[in-house]
Number of protein chains: 2
Amino acid sequence: MTQHFLIIGGSDAGISAALRARELSSAVEITMLLADDYPNFSICGIPFFLSGEVPDWRNLAHRTRADIEAKDIRVLTNTQAEKIDPDRRSVMVRSREGNLSELPYDKLLIGTGARSNRPPIPGLDLPGVFTLRWMDEARAISAYLTEHNPTRVLLVGGGYINMELCDAFERAGLHVTLVEHHRTVLKTVDASFGEAIGDRLASRNISVRCGRRVVFMERSNGNRVEATLDDGSKLSADLVIVAAGARPETQLAVDAGAGLGVGDAIRVNERMETSLPDVFAAGDCAETWHALVGRPAYLPLGTTAHKQGRVAGENALGGFAEYQGSLGTQVVRVFDLVVSRTGLKDSDAKVYGFDPLTTESKTWDHKVYYPGAKELRIRLTGDRRTGALLGAQLLGETATETAKRIDTVAALLHARRTVADLIDQDLSYTPPLGSPWDPLQQAAMDWLRAQHSSNLLR
Amino acid sequence: MTQHFLIIGGSDAGISAALRARELSSAVEITMLLADDYPNFSICGIPFFLSGEVPDWRNLAHRTRADIEAKDIRVLTNTQAEKIDPDRRSVMVRSREGNLSELPYDKLLIGTGARSNRPPIPGLDLPGVFTLRWMDEARAISAYLTEHNPTRVLLVGGGYINMELCDAFERAGLHVTLVEHHRTVLKTVDASFGEAIGDRLASRNISVRCGRRVVFMERSNGNRVEATLDDGSKLSADLVIVAAGARPETQLAVDAGAGLGVGDAIRVNERMETSLPDVFAAGDCAETWHALVGRPAYLPLGTTAHKQGRVAGENALGGFAEYQGSLGTQVVRVFDLVVSRTGLKDSDAKVYGFDPLTTESKTWDHKVYYPGAKELRIRLTGDRRTGALLGAQLLGETATETAKRIDTVAALLHARRTVADLIDQDLSYTPPLGSPWDPLQQAAMDWLRAQHSSNLLR
């Protein structure tokens, strides 16, 4: 019987595991170790704190420390896990004061998350240059904003975080330049959508430099940073944020002998067990399972971390939960544009041996006769031979239900349905909010026509 | 080979069948007979025409006559089908001028729709008293509004159409009273939601009289109608609209010998074939198939009509399409409140032999730390013994994506999943538009806890 469930990390995976374990047993002792002072903070919410939309950083906590402790979960903040000893079933920890102690466990969860990639750009350590993933980085940027009152910000990387930061800093009145080495921003969606998002950024006076890299950065003019791009051009900024993806935080696991998998993340099975006995891993430090292709993948997302944590928490107490896998479902709002995606796009699908066909449909979010209809663009990907649904990307203004329309596709992907099956779904309709054939179903019909033509041509 | 495909009716089922047939064959002759002058008009859009939000009734057409004819589909308006002769494979039709002629067919689709129920209330034929389903009724009401400039309207029945008419007439500045014999409005959702909607109506100065029936109506004071309720109270109005459901329009089919099924709708199989050779039926005149309970049902909805029509159109050309059934998915907006539903609620589920358990969860549509979060109420129904997902009802303000969140549940119902499976779905999240555990998933966890407690108590 599990008496001590020890959790390293207090973000999404850790908290979900702890809450699930407590739900299943009032007797188990649960201890959660946090390296920093921020239990269960919403990493995804940081851009909205920097924009001022969430004025108090404390509000970014999904749950306060008191909420967690009320569930009889012991929380040790500012406590660094130094070493896991799988034979002794214990973790050596160091307190803020430097005191070492040994915590025993029956079951252990590693939920150490990820840290920002630091691309090899000279000048990354200059004052005013930041990466952003954890609350301490967020608070450091916030303090820098207050202290130095920057007016020009350079964002390096065109992924989700920087999309939100474009929005955040523009709202805060700063002049924003974004540099992305890919030819369009947000490369998790196809180029036509990336271009549309880039255009929207440009329309809000954000200077977007795609297909360019920062080669080096240097100090100039007091507090300023000057970045030199690969075309020789120079950009000057008071604040630089480099968001170039994340890598799993695995040192503790590796030192203890745990195996690594895809993306050098901790290898886990569907029960979230590592290769070490009684040691689970979940969240951004661990592999995930791609539900559609049936292979391990590395897709560090909060939604996945919560689900994996819940599975680990259940199994740590002797349960038999299996993680059902992720599809890479994501949504981001960029000003008044919302882009969502799930599953595979053409280029991903080819890698996995599919024969992908992607069509783009332009529909209205609701019946066009009712005022306020807005364009909704849908890119649907399926397998040309089998008709299997592989993925979708949606682009629409806010209030087009673009975020939750993608969930319908995700549900069909989980059930391994075909594009044609989308047409059979009994989806909701009222003229101000939809169409008798939902936009997704209109897109499915377009896809089937394209499949038919494409097969005729072969 | 099908040379002549004849379609009686030009609303959703008819047009979907015609378009599907044309998509599959450029050779087939397609003729569509319309009893009125309104091809492919959106019945669901009528309330928004009466509200003035859609100023021109012509805009309510999903497609214009020209659009349809451009697809080489022959449209005969004001042409009444008088008699189907299944032996001769022909339909006798009468033109507006009264001329009879005989149209031959290889395949025939009956898409005659439904007509308003006329409850046995004395006074239903008085001037100023209307039912509402078809465009001619809509235009008659519109003309009455213009001519008589009514200030007080009485709506009899608390279903979808009258919910929208409450909104419509209040926007138009009329004083509205609604009488519903059930104890709450919108009895397709549970009473707690019906009450919330009733409260919202009342907050917009609509006088809601639930648990009451209109016993008779009589003329009073010139153009006024006085309605007497079953408690003896009297209501005076310049305009009365009675919306008491619909019954399938089956006379033609019955006269030709077609069998009837549930709700006295035309009996069809999954290929949308009637009991008559080469005669299909689809839409509000026909049965539907309940995808979850695996039995015929009568659920007249535009979404269903489109899907059934598409299946019929494909099979009329020798295809092998099977209608996959409906779940009764519906959504309606009442002022700034949106209520959606799919599948079975407790009382329905009991009828079909399930052991239903329904829980209600209150969540936020998105992370509460991000401004503008609104309450979302979710009622989830599952089978206590098997954990099977049976249905859901959602209630939220506009912009909470309540319309399209229900679609995720519908997709899971089509795939016959459990409540627990909802938790495993990889759904989208960003703080301004969601939560790492989507509200549906939070509701599923609440349901599982309730199931656990409920089974312990047995």
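1. A residue is called buried when its relative accessible area is under 20%, exposed when it is over 50%, and partly exposed in between, with a 1.4 Å probe and protein chains only. Helices (H or I, at least four residues) and strands (E, at least two) are DSSP runs, numbered from the N terminus. In these terms, the buried residues of H6(B) are Phe193(B), Gly194(B), Ala196(B), Ile197(B), Gly198(B) and Leu201(B).

2. The model under review is predicted: local features need pLDDT of at least 70, side-chain atom pairs count only at pLDDT 80 or more, and totals for chains, interfaces and linings use all residues. Residues are numbered from 1 along each chain as its sequence is written, chains are lettered from A and ligands numbered from 1 in the order in which they are written, and side-chain values use heavy atoms, with hydrogens and water left out.

3. Helix H6 of chain B covers residues 191–203, which makes 13 residues. Its first and last C-alpha atoms are 18 Å apart, close to the 18 Å expected at 1.5 Å a residue; the expected span is 1.5 Å times one less than the number of residues. After H6(B) comes Asn205(B), with a positive phi near 65°.

4. H1(B) is mostly covered, since 10 of its 13 residues are buried. Among them are Asp12(B), Arg20(B) and Arg22(B), together with Ala13(B), Gly14(B) and Ile15(B). The buried residues of H1(B) pack (contact means heavy atoms within 4.5 Å) against four elements that are strands or helices of chain B and include strand S1 (4–8), strand S2 (29–33), helix H3 (65–70) and helix H8 (302–316).

5. How are the two chains related? Chain B can be laid on chain A with an RMSD of 0.0 Å by a turn of 180° and a shift of 0.0 Å along the axis. That is the relation of a two-fold axis. The superposition is by least squares on the C-alpha atoms of residues with pLDDT of at least 70 in both copies. Within chain B, the residue closest to the rotation axis is Thr408(B), whose C-alpha lies at 2.3 Å. The copies meet through the same surface, because 100% of the interface residues of chain B are also interface residues in chain A.

6. In chain A, 5 strands form an open sheet with parallel pairing, in the order S9-S16-S10-S11-S12; two strands pair if DSSP finds at least two bridges between them. Strand S9 (129–131) and strand S12 (207–210) stand at the edges with a single partner strand each, so one side of each has no neighbour in the sheet. Direction ignored, neighbouring strands are turned by 20° against each other on average. Axes are lines fitted to C-alpha atoms, for helices over the stretch in contact, and angles run from 0 to 180 degrees between N-to-C directions. Strands S10 (residues 152–156) and S16 (residues 239–242) of chain A share 4 bridges in the parallel sense, and Val153(A) stands opposite Leu239(A) in S16(A). Helix H4 (residues 135–148) of chain A packs on this sheet, where it touches S9 and S16, and its direction makes about 155° with that of S9(A).

7. A second open sheet of chain A has 3 strands in the order S13-S14-S15, with antiparallel pairing. Its edge strands, S13 (214–220) and S15 (234–237), each pair on one side only. Strand S14 (residues 224–229) and S15(A) are joined over 4 bridges, and Ala227(A) has Leu235(A) as its bridge partner in S15(A).

8. Val225(B) lies in strand S14 (residues 224–229) of chain B. Is Val225(B) buried or exposed? At 1% relative accessibility, it counts as buried. Beyond four places in sequence, its contacts include Leu126(B), Met217(B), Leu235(B) and Val240(B).

9. Thr288(B) belongs to strand S19 (residues 288–290) of chain B and is buried, with a relative accessible area of 4%. Its side chain makes a polar contact of 3.0 Å with that of Ser326(B). A polar contact is a pair of N or O atoms within 3.5 Å; within protein, one must be able to donate a hydrogen and the other to accept it, and residues adjacent in sequence count only if both atoms are side-chain atoms.
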